[in-house]
Amino acid sequence: MSKKKAIKALQAHFSVLKDTSLSELFSQDSQRFNRFSLQLDDLLVDFSKHPVTEETLSLLMDFARACEFTSFRDRLFQGQRVNLTEHRAAMHMALRHQGETPVMVDGKDVMPDVRQVQQQMFSFAEAIHAGQWRGASNRRITDVVSIGIGGSDLGPAMAIEALKDFALPGLKVHCVSNVDPSHLGRTLQGLNPETTLFVVISKTFTTLETMANARQAKTWLLNAGLAEKDIARHFVAVSTNTEAVRQFGIDPENMFRFWDWVGGRYSMWSAVGLPILLAVGRTHFNALLQGAAVMDLHFSQAEDEENIPLILALLDIWEHNFFGLSSHAIVPYAQPLRLFPAFLQQLIMESLGKSVTRTGLPVEMQTSPVIWGGVGTDSQHAYFQMLHQGTSKVVVDFIAPVQNVHAPGVQQDMLLANMVAQAEAFLKGKGENEVRAELSEQDMTEEEIAALLPHKIFAGNRPSTTFLFERLTPASLGRLVALYEHKTFALSVLWDINAFDQWGVELGKQLAGQILHELETGDVSSNHDSSTNGLIGYINQHKRGR
């Protein structure tokens, strides 16, 4: 079947199904949960609260086949250059590959290089943890400050926060990304320069924000009395630019490299994950990689009808491109996952925010949804009002571990009860008859009931997916992240776009460099629009107060 025919069949099916509510679908099928949920080990994915039937899934599978999903997935895992605009493979799966079988990229087995860098990371981390690597004054390292931005920060920061319960004692790991001086300044407050190590993460070692923070950190050390030669005991680099690392004052022996087939937002598994390793140690870092590898194996080998990332991607196609739902909220009911929505914002929107196909033609379908969210139950007391009764429908992902090491009893049950109840409320809503009956029991007059009634009606029929797993561990976190990675790739295939470039980010970088020069020199270009010139003028006028 051609792609056009598959879309036409889906459009015809949509015209029949669009007026059927989720509640009606459940009333028609008592086995709906069993039919529309999947499990991988202890991970349960319940997608029954989506407007789909078995016919819907069959038609969506036809669409996936018309898009040559299997062929593109195989090319990804074969190390072919699926990143067409940059002529690169996207083989981050090699970084968590288990076993001794080769992983080929451009005809070369990359696993010897991967294992070599991993061993370098493990040796370094063990030296830090054992107190063998010390600062210039021979004092043990107590704090690590990771300096990066974008993919060099979001993944490590998210994982370090998520895995705090697995952190090794005696070492605190902090993450700095924002070039706003407040971020680094506040992080350094209370730290001892003699016991602080900086990990600077930049592939080119020229990233403006990262290098500005790195230079300021270096100044902080020098102002504390350390000599230039001491910098090498307080800085290491994750980079590919040996000369720039050396010029900064870092010994190239303490540079951890990665490869151009590792994209920034897919890089937490590489040396970019060194801060994670320093936080949790070798055993837990390996478990993180192993969890992701489980999902890699599932995505690469599972039949389409059982393939969790593919099915989730197809649900996005159905709701985004047919129902017109362009907003997707990520709501983890786990405080350790509070940074997970921000991590997914980059993973999904930087990967899928494209308007041309792989061949450079305008896309025929709307691409990336808006990704946002926050941790529950806080979110219930913030934006859930809009989700329940607002005019915009939003797809919601609920995510929760069943067990909690901090409070295994009533408190965790309360948390989970809230999550399950919200998903049920999005499904069912509350109709006029139910509201009227409740108000009648409160001895209200008919006039009072009529006035309050419309305000208390919930339309329901809001789609959601629920992800449950036993505990939040390094392995379960790795599996969850890899699931969203592969779902994102599957969507890129279905939309015929490149998930692995980000040219839209570059324009802002170029313009920022020019404007920075103008702010430093006061020599404003005439090429700007009047608004940009006005903003530069205001900044130059008022920054003198510094």
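Visitor: In which loop is the place of Asp443?

Guide: Asp443 is placed in the loop between helix H16 (432-440) and helix H17 (446-452). Helices (H or I, at least four residues) and strands (E, at least two) are DSSP runs, numbered from the N terminus. This is a predicted model, in which local features need pLDDT of at least 70, side-chain atom pairs count only at pLDDT 80 or more, and totals for chains, interfaces and linings use all residues. Residues are numbered from 1 along each chain as its sequence is written, and side-chain values use heavy atoms, with hydrogens and water left out.

Visitor: What is the phi of Asp443, and is Asp443 buried or exposed?

Guide: Most residues other than glycine have a negative phi, and most peptide bonds are trans. Asp443, a residue other than glycine, has a positive phi near 60°. Asp443 counts as exposed because its relative accessibility is 73%; buried means under 20% relative accessible area, exposed over 50%, and partly exposed in between (1.4 Å probe, protein chains only).

Visitor: Where does Glu68 lie?

Guide: Glu68 lies in the loop between H4 and helix H5 (69-77). Glu68 is not a glycine, yet its phi is positive, at about 60°. With 45% relative accessibility, Glu68 counts as partly exposed.

Visitor: Which residues does a cis peptide bond join?

Guide: The cis bond joins Gly376 and Thr377, with omega about 10°. Thr377 lies in the loop between strand E11 (370-373) and helix H14 (384-389).

Visitor: How are two packed helices described?

Guide: Two packed helices are described by the angle between their axes and the distance between the axes. Axes are lines fitted to C-alpha atoms, for helices over the stretch in contact, and angles run from 0 to 180 degrees between N-to-C directions. Here, helix H7 (residues 154-162) and helix H13 (residues 340-352) pack at about 155°, their axes 9 Å apart. H7 is therefore roughly antiparallel to H13; angles under 35 degrees count as roughly parallel, over 145 as roughly antiparallel, 65 to 115 as roughly perpendicular and the rest as oblique.

Visitor: At what angle do helix H4 and helix H12 cross?

Guide: The axes of helix H4 (residues 54-66) and helix H12 (residues 308-322) cross at roughly 100° and come within 10 Å. H4 is thus roughly perpendicular to H12.

Visitor: Is His486 buried or exposed?

Guide: His486 is buried, with a relative accessible area of 1%. The place of His486 is in helix H18 (residues 474-495).
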